[in-house]
Amino acid sequence: HGLSAGDGYAALRDKLPIVDYDALAPWIERQRETEERVLCPEPVRFYEKTTGSSGPEKWIPYTRSLHRAFGRLFALWLRDLLVHGPRLETGRPWLSVSPFGLGGGRTGRGVPVGLESDADYVEGWLGAALSSFWTVPSGVRRLGAASDYRDAVAAHLLAEEGLEVISL
């Protein structure tokens, strides 16, 4: 696409075509099958399966850079919530980053699909610090049926007297 290291936003916007997932799907599938650096210049740390707002499941490759960027964006959201949102008293949140039932397991090449806990989407010290505030234990994600997961989450949320934030 003629990209250069010094390209700014306007150059990137003008040079890169807008595409939907279907245009990227063959590249992502080849990435999953070979684990070569087909779509991105870094190794894939894990894949996230999502349905997005509609349609069949989509495989999102998470590299170290994307994982870090996600954590930085989460930190910005959290700061904005703390500065501009309601005054939090207990700090007891329920944050659901990835949908139940779409993760787990590994690709044919052994790359994880999804993460063990939603807290793992935020790397490093912030993820570790936040994990002590989680309202619903990460083990709930391993329940076999969606109805069991839903019931367990509901029970934990109802039992948490200090629940202040729900984010999906």
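Two residues are said to be in contact when heavy atoms of theirs lie within 4.5 Å. The structure described here is a predicted model, in which local features need pLDDT of at least 70 and side-chain atom pairs count only at pLDDT 80 or more, whereas totals for chains, interfaces and linings use all residues. Residues are numbered from 1 along each chain as its sequence is written, and side-chain values use heavy atoms, with hydrogens and water left out.

The confidence of the predictor in each residue is expressed as pLDDT, on a scale from 0 to 100. For the protein the mean pLDDT is 83, and 93% of its residues reach 70 or more. Helices (DSSP runs of H or I, at least four residues) and strands (DSSP runs of E, at least two) are numbered from the N terminus. On this basis the protein holds five helices and four strands, which follow one another along the sequence in the pattern α-α-β-β-α-β-α-α-β. Among these elements, the highest mean pLDDT, 93, belongs to helix α1 (residues 9-15), and the lowest, 75, to strand β3 (residues 92-95).

The C-alpha trace of the protein spans about 55 × 40 × 30 Å along its principal axes. Accessible areas were computed by the Shrake-Rupley method with a 1.4 Å probe, and for residues only the protein chains shown count as cover. The protein exposes about 10700 Å², of which carbon and sulfur atoms supply 57%. A residue is called buried under 20% relative accessible area, exposed over 50%, and partly exposed in between (1.4 Å probe, protein chains only). Of the 168 residues in the protein, 30% are buried. Among contacts between residues at least 6 apart in sequence, 52% join residues at least 24 apart.

A nonpolar core is a set of buried Ala, Val, Leu, Ile, Met, Phe, Trp, Tyr and Cys residues joined through side-chain atoms within 4.5 Å. The largest such core has 10 residues, namely F74, L78, L81, L95, A119, V122, L126, L130, W134 and V165. Two or more residues of this core come from each of the elements α3 (64-84) and α4 (124-131), and α3 gives the most, with three residues. Leaving aside neighbours within four places in sequence, L81 is in contact with P86 and with V165. Helix α3 also holds W77, which counts as partly exposed because its relative accessible area is 34%. When neighbours within four places in sequence are again left aside, W77 is in contact with L95 and S167. The C-alpha atoms of W77 and E89, residues that are 12 apart in sequence, lie 18 Å apart in space.

Not counting residues up to four places away in sequence, W27 touches V38 and L39. The C-alpha atoms of W27 and L3 are separated by 19 Å, and the two residues are 24 apart along the chain. In the loop between α2 and β1 (44-50) stands E35, a residue other than glycine whose phi has a positive value, near 60°. Because its relative accessibility is 23%, E35 counts as partly exposed.

Helix α5 (residues 146-159) contains L157, which is buried because its relative accessible area is 17%. Not counting residues up to four places away in sequence, L157 touches W94, T135, V136 and L163. Along the chain L157 and P93 are 64 residues apart, while their C-alpha atoms are separated by 9.3 Å.
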